[in-house]
Structures are given as C-alpha cells and as structure tokens.
Amino acid sequence: MPTHPPAPLDLLLFPTWLVPVEPAGVVLREHALGIRDGRIAFIGPRREALKLQTTQRMELPDTLLAPGLINAHGHAGMTLLRGIADDRPLHIWLQQHIWPLEKRWVDEAFVRAGTELAIAEQLKGGTTCFSSMYFFPDAITEQIHASGTRAQIAVPIMDFAVPGLRDADEAMRKAVALYDDLKHHPRLSVSFGPHAPYSVTDTTLERLGILSAEMDVGMQMHMHETAREVLEAEHENGERPLARLARLQLLGPRFQAVHMVHMNDADLELLVEHNCSVIHCPESNLKLASGFCPVERLWEAGVNVALGTDGAASNNDLDMLGEARTAALLAKAVADSASALSAHQALRMSTLNGARALGLDEQVGSLEIGKLADLVAFDMSGLAQQPLYEPVSQLIYSSTRDCVKHVWVAGRQLVDNRQLLRMDEQKIIATARQWADRIAAGRAS
C-alpha cells in the first residue's frame, strides 16, 4: 500500500518555552507545536518542525506557550455589579445588597452585557474556558457562541423565585432543555447549578441527583463557604452539608464542590471516597473573610483541586493568573510549608485540574497530541520577569495578566498581540458604563 504524506499543518508555533502541563513539571525548550483542524497535531523539537509543511508559521520569541487557563467557577453576568457592595461579610453582602440588586436589575440584556464583559476580560487574561452559574442561561449561551470561547453553563437552581425563573422546577426544566439544545455544541456544555445547601431542599436535590445520573452531566454547588453555613446546617439538620449530599447520593466524579473552606477529616474522606473535585476561589474567600481552604491537604489526599475566580462582584477581577499566584502563596501560609503548592502545581490547578473538574480533560487542559488547541502565549520579555531562571516560577510569582500576548481556542486565534479579534472592546466598555449609570441612579433615587 502506498503511504501518503501527512496533510500540511494549519499553524506551527515556535515559542521559547513550551509547558505541556502533562507530563507534570516539564518545560520544553527549542520545541514547536503544530495545529491541524483545531487540534494539536505535532509537538517536537524545532529542527524537526522546520521540516514540516504548514500554512502558517509564527515565531514567538521570549514567549511561554501553555494550555489556556480554565476558570472553573464564576458568575459571568455579575461582572456588571463589580465593586458595588464591597467590604461586607458574605451573608450581608448577598442578602442585603446583591440579591435585591439582582431582583431589580437582572434581565436578559443585563446578563448579555455582563457576560460579554466577563468573556472579554478573561480572554485578554489568557482564560480560554470558564464556568458560569447565572440567570438567563440562553443569554449566556449567545455570548459564548459569538465570542468563540469555551464554557460550562451551570444553570442556577434555588427553591425560590430568581430572575427569569419562578422556582426550582422551572430551573430544572430549563437546564434539561438547554442540555438538549447544546449537547452537540463543540464549545459549550451544561451542568446543574444548585446554588448552595441552604437554598435548596432535599426534595429538589434528590430530583437533581436522578437527572444528573440519567443525563451524565456535572453538578456545581457552593459548599462549606463559611463557618456560619456549616454551623447552621449542623444545628438545623444534625449533619454537615457535605454529609447531607452524601446521604442524598449526589457526590461523585462529576460533582464540583466550590469553596470547601471549612472542612474536617470526615469531609475530606467523603471527597476522596466519591472522587469529587474541589474548586478553590482564594481571592473571593479572602475578600469576604470566609476562611482558608486547606489546599495542600486536599492535594496530598489525591483530591482534584481546580481554581476559580468566583464572580467579579466578590473578587473583584477575573484574573486567573493572579488567582494562581494568590492560591500558591496562601497554600504555603495555611500549610506552614514553603514547598506547598508549587508554581507548576498552581499552573496545573489553573488548567488540567480545571478541565477535569468540568469533565473536559480528554479534550483540553494540557498540550497533548489530539487535544483541542486551546492555547495561551505569555510574553516573558518584561522587566518583571528578568532574570529568567525558571519560566513557570516567573509566570506564577512575577507575571501579571498583562503579559498575555496571544490566545487560541480550538486553533482559532481570539487574541492577537493583546488585541481582541472577535469582540469590540470599546463598545463593551461603553455598554458597561451605561449600565453603571443606570444602576447608580436607581440606588440614589
């Protein structure tokens, strides 16, 4: 049988450093990455890459090429509420400020504008995939589809009326319908988003457990975010929130436990036993004084720990590179160990671990042959990165999101030389300012 030469590559990238994330701890120098049909088709030495046929070559001097960052938890539409009720404890912030504001202002137009702002901010910061738990999921879908980015939509479910949904029953129907519409979408997935143990009843959770198992979809939920939440659950129900979910048979590999700040040995055993993922949101937890997630204990126990920013209303940015730095520094302080959560682990938490939490690790999260080409090129030529002995350490501990130079999702470039290619940045800013004027005027009246 005659052999045919491989088809030409669509794009061949030549970075100074290539960090695949898997295998762990590896930094490749003088290597190239080739893309064909949106997937990684070649990783190898530069001298071999130069022999390959390709439609386009791109030299990336002084650049670190890595998987796109994955923001495993947030509320994209809430970006329009950034900074509006700062410096307040979680329950006061949520119940006296955020929920009343959402009741008055949140509609499809609000969510569309807030999500577009969030996507633009994240893309310019190197985030190629994010999870959003927010209202009017159809409006979220529109913005994700148009932008070219990748996302999980966690449809929020609560046992009371929220913007756009009358109750938990309507929310579940919406989630199922959205799943049916998007199950073949190349960049969008749907999960259930029961808000928190204190906002969803056992009856609703049991129904969600059945639906989640039947549909094989993930479930994301705020868990053990504050000491008050855990204490009230123990007082009212006689059990901790995670134990309650275990009793209701909701825990499993597709369960995404967001925060897990207040955790004891029994909680850790349940996470390990059921192979759950924890999504750590260090900056939001710090800002709301919620506590400190014991990340090193989770890692040592084998729990998959991903990273999220939470919403811009409680962070106040959607900067995954900054989040990784905070996570690494905080983990060392909490564990009382300078070796806790290394720079490479922080990058893995921001990429492959996030993909695993969202059920996407077969497709994205690391630079491996056959995976989708979700990539970010970090410019390491600045003053803050010099001298450069270990590029991943400099990326995590010395760099800011301003060093993001190029971004690709499924091989399609969305950021070129720090400029958004498919989104109008100035228009997005103008729309956000219009919303801010309306909301500020409404609060003053």
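Where does UniProt place the feature "domain: Amidohydrolase-related"? The unreviewed entry puts this feature at residues 65–413; UniProt positions follow the numbering used here, feature names are shortened, and annotations may be inferred rather than shown by experiment.

## Basis of the report

The structure is a predicted model, in which local features need pLDDT of at least 70 and side-chain atom pairs count only at pLDDT 80 or more, while totals for chains, interfaces and linings use all residues. Residues are numbered from 1 along each chain as its sequence is written, and side-chain values use heavy atoms, with hydrogens and water left out.

## Annotated region and domains

Over residues 65–413 the chain is 43% helix and 17% strand. Helices (H or I, at least four residues) and strands (E, at least two) are DSSP runs, numbered from the N terminus. The end C-alpha atoms of this region are 14 Å apart.

The domain assignment, whose bounds come from an automatic or database source, gives domain 1 (9–67 + 374–410) and domain 2 (69–358). Taken over C-alpha atoms, the centres of domain 1 and domain 2 are separated by 30 Å. The contact between them (heavy atoms within 4.5 Å) takes 27 residues from domain 1 and 29 residues from domain 2.

## Nonpolar cores

A nonpolar core is a set of buried Ala, Val, Leu, Ile, Met, Phe, Trp, Tyr and Cys residues joined through side-chain atoms within 4.5 Å. Buried means under 20% relative accessible area, exposed over 50%, and partly exposed in between (1.4 Å probe, protein chains only). The largest core has 113 residues, and those with the most contacts inside it include W93, F110 and F255. Helix α3 (residues 108–124) supplies the largest share of this core, eight residues. Both domain 1 and domain 2 contribute at least three residues each.

Leaving aside neighbours within four places in sequence, W93 is in contact with M78, A85, R88, I98, L288, A313 and S314. Another core, of 14 residues, lies apart from the largest one; among its members are L33, I40, L60 and W408.

A cavity is a set of points, on a 1 Å grid over the protein atoms alone, where a 1.4 Å probe fits but cannot get out; lining residues have an atom within 4 Å of a point. Grid points are joined across faces, edges and corners, and a volume is the space filled by probe spheres set on the points. By this rule there are two cavities of 30 Å³ or more.

The largest cavity has a volume of about 250 Å³. It is lined by 22 residues, of which H75, M78, L94, H195 and H222 are the closest to its centre. Helix α2 (residues 90–105) gives the most to this lining, with six residues.

Key: 1 Å grid on protein atoms, 1.4 Å probe; cavity = no way out; pocket = protein on both sides within 12 Å on 5 of 7 lines; lining within 4 Å.
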